[in-house]
Amino acid sequence: MENMVNYKSLFGGVYKGKKVLVTGHSGFKGSWLVLWLQKMGADVYGFSLSPEFENAHVNLLNLSINEHIGDIRNFEVLKKYIKEIQPELVFHLAAQALVRESYVHVVDTFSTNVMGTLHLLEACRQVSSVKGIINVTSDKCYENKEWIWGYRENDPMGGYDPYSASKGCAELVTSSYRNSFFKNSEYKKKHEVLLASARAGNVIGGGDWAHDRLIPDMVKGVMQNEQVKIRNPKATRPWQHVLEPLSGYLTLGWRLLLEDDSFAEGWNLGPESKSNLSVEDLIFLCKKEWNSINVQYNENLADHHEANLLMLDCSKANKIMKWYPVWEIKKTINKTVGWYKDYYLKGKINTEEDLQDYITDAHKNNIIWT
């Protein structure tokens with residue numbers, strides 16, 4: 001299978017030999033991104049906290065990169081590392097990423113997601129090698145009105161819970177830096193940096209061990225022979241495989257490295273509307289893949305506010321970036337649950353195989369980056 005995928009030619013071959021920094025590289029999304037970048041021949045660097053779990057995805061992949069284990073809230077340490085490595089492109093993924101966790105650790109959530117973003121942007125402003133920055137935020141950055149239609153990039157930022165508010169704030173910080181220091185109209189005249197942000201949906205896929213995440217909790221429940229309590233079965237989310245937003249981030253990086261300032265904006269990267277499923281419907285599909293999954297619906301556990309209805313309008317990314325999702329929801333569930341099933345029952349890591357399958361399917365669909 002690997003011989004069929006020409007990694008070096010993806011995204012116009014732009015990543016080969018490029019120095020790329022990934023913050024949060026030890027996390028779920030970051031580890032998948034590092035693997036993909038390395039396969040394309042990029043010179044990858046990482047800045048992150050230590051992996052939280054012994055079986056963290058980044059450890060399972062045995063990725064060998066130049067990394068600094070540190071906290072993005074420490075500005076001097078972050079700035080020193082960026083000056084030392086002189087990256088050309090930065091993907092900023094380091095974050096506190098859980099809604100319910102944000103109610104418990106409020107200050108940590110805001111300091112990581114807001115001040116961490118500020119530190120990253122300010123450090124990059126002081127390093128002349130940096131040509132492009134992609135700040136990864138969340139679909140929860142929008143002021144949620146429980147609409148039945150998707151949010152667009154020009155809808156107001158907001159956030160009811162601390163996590164969502166911190167992501168809205170991170171977008172405002174990004175917009176402020178773009179207006180104040182990295183203005184598109186002054187590109188190549190007063191500065192050399194293009195700054196984009198990306199707002200993805202509910203990301204699922206193999207290698208996520210975070211507590212309080214639906215599929216990881218269900219598969220861990222199988223192995224511990226426990227029934228998992230589900231607190232919000234009617235909540236609807238834009239579910240997507242981790243490789244979908246990553247292909248969007250990489251498409252953005254490609255355009256920024258080609259010095260196209262029209263891409264230095266905010267972008268929604270979500271699934272097609274039929275992948276917007278309720279938690280209940282998602283669980284139904286997961287049980288078809290692994291019938292040992294055992295859940296109990298208990299809405300009394302919903303002790304904190306969480307949005308019920310959340311969808312993204314991705315027509316801007318579809319039309320302008322020519323970015324489209326590759327896998328529909330059933331394939332997404334098949335790949336995600338299959339990853340955990342093979343890991344637990346066979347000790348097999350399907351990450352590289354899933355990446356190859358994804359690229360092969362994207363090629364069949366004539367997706368632009370292939």
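Visitor: In which strand is the place of Asn 276?

Guide: Asn 276 belongs to strand E11, which covers residues 276-278; helices (H or I, at least four residues) and strands (E, at least two) are DSSP runs numbered from the N terminus. This is a predicted model, in which local features need pLDDT of at least 70 and side-chain atom pairs count only at pLDDT 80 or more, while totals for chains, interfaces and linings use all residues. Residues are numbered from 1 along each chain as its sequence is written, and side-chain values use heavy atoms, with hydrogens and water left out.

Visitor: Is Asn 276 buried or exposed, and which residues does Asn 276 touch?

Guide: Burial is read from relative accessible area (buried under 20%, exposed over 50%, partly exposed in between, with a 1.4 Å probe and protein chains only). Asn 276 has 15% relative accessibility and therefore counts as buried. Contact means heavy atoms within 4.5 Å, and, leaving out residues up to four places away in sequence, Asn 276 touches Thr 236, Arg 237, Pro 238, Pro 271, Leu 310 and Met 311. Between the C-alpha atoms of Asn 276 and Leu 309, which are 33 residues apart along the chain, the separation is 9.3 Å.

Visitor: Where does Cys 314 lie, and what does Cys 314 touch?

Guide: Cys 314 sits in the loop that runs between strand E12 (295-297) and H10, and it counts as buried because its relative accessibility is 8%. Its contacts, again not counting residues up to four places away in sequence, are Asn 268, Leu 269 and Gly 270. Cys 314 is also 8.6 Å from Glu 153, C-alpha to C-alpha, although the two are 161 residues apart in sequence.

Visitor: Which phi values do Lys 188 and Lys 322 have?

Guide: Lys 188, although not a glycine, has a positive phi of about 75°; its loop lies between helix H6 (162-180) and strand E6 (194-200), and with 41% relative accessibility Lys 188 is partly exposed. Lys 322, also not a glycine, has a positive phi of about 60° and is found in the loop between helix H10 (315-321) and helix H11 (329-346), where its relative accessible area of 42% makes it partly exposed.

Visitor: Which residues have the most contacts inside the largest nonpolar core?

Guide: A nonpolar core is a set of buried Ala, Val, Leu, Ile, Met, Phe, Trp, Tyr and Cys residues joined through side-chain atoms within 4.5 Å. The largest one here has 58 residues, and those with the most contacts inside it are Phe 11, Tyr 15, Trp 36, Leu 37, Phe 91 and Trp 369. Helix H8 (residues 243-257) gives the most to this core, namely eight residues. Beyond its neighbours within four places in sequence, Trp 36 is in contact with residues including Tyr 7, Leu 246, Leu 250, Tyr 358 and Trp 369. A second, separate core has 27 residues, among them Ile 204, Trp 290, Val 295 and Tyr 340.

Visitor: How many helices and strands does the protein have, and why is it as compact as a globular protein of that length?

Guide: The protein has twelve helices and twelve strands. Its radius of gyration is 19 Å, close to the 21 Å that the globule rule gives for 370 residues, so it is as compact as a globular protein of that length; the radius is taken over C-alpha atoms, and the rule is 2.2 Å times the number of residues to the power 0.38. Of the 370 residues, 59% count as buried, and among contacts between residues at least 6 apart in sequence, 80% join residues at least 24 apart.
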